[in-house]
Amino acid sequence: MERFDKAAEKCAEKVRHSGECLVVSHIDADGLTAAGVTCLALQRLGKAYDVRFLKKLDGAALEDIADRAGRRLVIFTDLGSGAIDQIRELGIDAIVTDHHQPKPGDYPYHINPHLAGLNGATEISGAGVAFLLAMKLGPNADLSTLAIVGAVGDLQDLRTNALVGVNREILELGTAGGYLSYEKDLRLFGRQTRPVYKLLQYSSDPYLPGLSGNEGACIAFLENAGIPIKKDNWRRWIDLARDEKTRAISRLFQHCLACGMPARKVQRLIGEVYTLTKEEPGTELRDASEYSTLLNATARYEYSDIGLAVCMGDRDEAYHTARDLLDVHRRNLVNGLNLVSDRGVIRLANIQYFDAKDAIRETIVGIIAGMSTSLDCVTRDLPIIGLATSGQGVKVSARGNHDLVVRGLNLARAISEAAAAVGGTGGGHDVAAGATIPAGREPEFLALLDRKIGEQINGKA
Ligand code: C5P
Ligand code: ZN
């Protein structure tokens, strides 16, 4: 964390001397937690602030912010690094705390891991960068919880099944303060809140052969392992005794191996899980992964204010609304995955893609593209691209994996160049990126993207 000291101290100084602030953030779990960290830090300083959430930071959005900001200090969180030049040109008095690949441009009030030689896709999230600033503004170590939820929400732990880099330093800091704990455990979604059999039934990443999607098989599997699925209530993973958990895991390993699942994939069923120790057991908020999904269920449906309220401590009305939204979100994810699975994907030389048009909401097409790698029709040797109709044209979301990045894949660069060539804008990370392009330009864009990605991963045109 020390390597950010100079930039973070400079930004903190600016905040201390500012009047009212305007926090501008991104509508996903990382953006919400980043805004939550920043707003709580400002609140504790007694600063007045206002918040705006954006799907993306394009020219129109920037001009709107310049108009609204007035004399206020604008704090960009989880976005802004791609727009340093425009921020300067528009004369916005700003601090940028972000982890996306920065476009060239010098700015003194800019905290970004790439400027420190770190990887913004794995080593620190937008919420983590916001946390670095918050730590300079006061005793805000408790906000490490939100930084970890943001990192998990951005899937920064996906590659190694554990948080690394600055994320790990933040985790240790939060653990030392008694706000967080971590352990190796089953990495299926819903450990805190779902009946155990549903954990198996709804597991799509990884897809559990013979179990995923089959309620009866999941119940039988647990009964055969001598694990009662119900006592007074449905038993959740957290309700199981240690020996029951061990037995369930070892049976699950045996089952998956016997079904021909590669050992490497079976190993990935186990990984580090992150607990927010001050939250009520059995709620989404107790588990970093479930918490981040709860937040996505608000922000991706234009209810960012609800998600932000939860981040800032609301456990009443906003929390209950968020849980209702989560039901809708889960249904949409299942429907979206079914759609991809039914229609299949189209393979070009160096990418595979699906075009959902308006059958998938543009705000969740990225999540579905990411989850679709567990489907049989999607292979891991090429990045997957999802397209969906957007108010401003066509939303594109691209997801790769570590093996492809090692071969040279940089989705942020490929997608921003291909989008720019057809009159759109894009950006992101090497392993996950997005863009919006004008309607009707999809074939040209996909052909360009295919060629650029080919150049990256094959080293030739
Ligand atoms: O929107 P999606 O989930 O596909 O975005 C993947 C990553 O790319 C995110 O980190 C997002 O902030 C970034 N992105 C971007 N510019 C865009 C679209 C997405 O930097 N126009
Ligand atoms: Zn982010």
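Visitor: Is Y109 buried, partly exposed or exposed?

Guide: Please note that this is a predicted model. The relative accessible area of Y109 is 22%. Buried requires under 20% and exposed over 50%, so Y109 is partly exposed.

Visitor: Which class of aromatic pair do Y107 and Y109 form?

Guide: The structure holds two aromatic pairs. In the pair of Y107 and Y109, the ring centres are 6.0 Å apart and the planes stand at 75°. Planes over 60 degrees apart place a pair in this class, so the arrangement of Y107 and Y109 is edge-to-face.

Visitor: Is Y107 buried or exposed?

Guide: Y107 has a relative accessibility of 15%. The limit for this class is under 20%, so Y107 counts as buried.

Visitor: Which residue has its charged end over the ring of Y109, and at what distance from the centre?

Guide: Y109, which pairs edge-to-face with Y107, also has a charged group over its ring. That group belongs to K14, and its distance from the ring centre is 4.4 Å.

Visitor: Which residue lies over the face of Y182?

Guide: Here the distance from the ring centre is 5.0 Å. The residue over the face of Y182 is R168.

Visitor: Are helices α2 and α6 roughly parallel or antiparallel?

Guide: The axes of α2 (residues 29-45) and α6 (residues 144-153) come within 8 Å and cross at roughly 165°. The crossing is left-handed. The contact includes V37 and L40 of α2 and L146 and V149 of α6. Angles over 145 degrees set the class, and α2 and α6 are therefore roughly antiparallel.

Conventions. Residues numbered from 1 in each chain as written. Chains lettered and ligands numbered in written order. Predicted model: local features only at pLDDT ≥ 70, side-chain atom pairs only at ≥ 80, totals over all residues. Heavy atoms only, no water. Phe/Tyr/Trp six-rings, centres within 6.5 Å; stacked < 30°, edge-to-face > 60°. Buried < 20%, exposed > 50% of the residue type's maximum accessible area, 1.4 Å probe, protein only. Lys NZ or Arg CZ within 6 Å of the ring centre and 35° of its normal. Axes fitted to C-alpha atoms, helices over the stretch in contact; angles between N-to-C directions. Helix = DSSP H or I, 4+ residues; strand = E, 2+ residues; numbered from the N terminus. Parallel < 35°, antiparallel > 145°, perpendicular 65-115°, else oblique. Left-handed = near helix turned anticlockwise from the far one by under 90°. Contact = heavy atoms within 4.5 Å.
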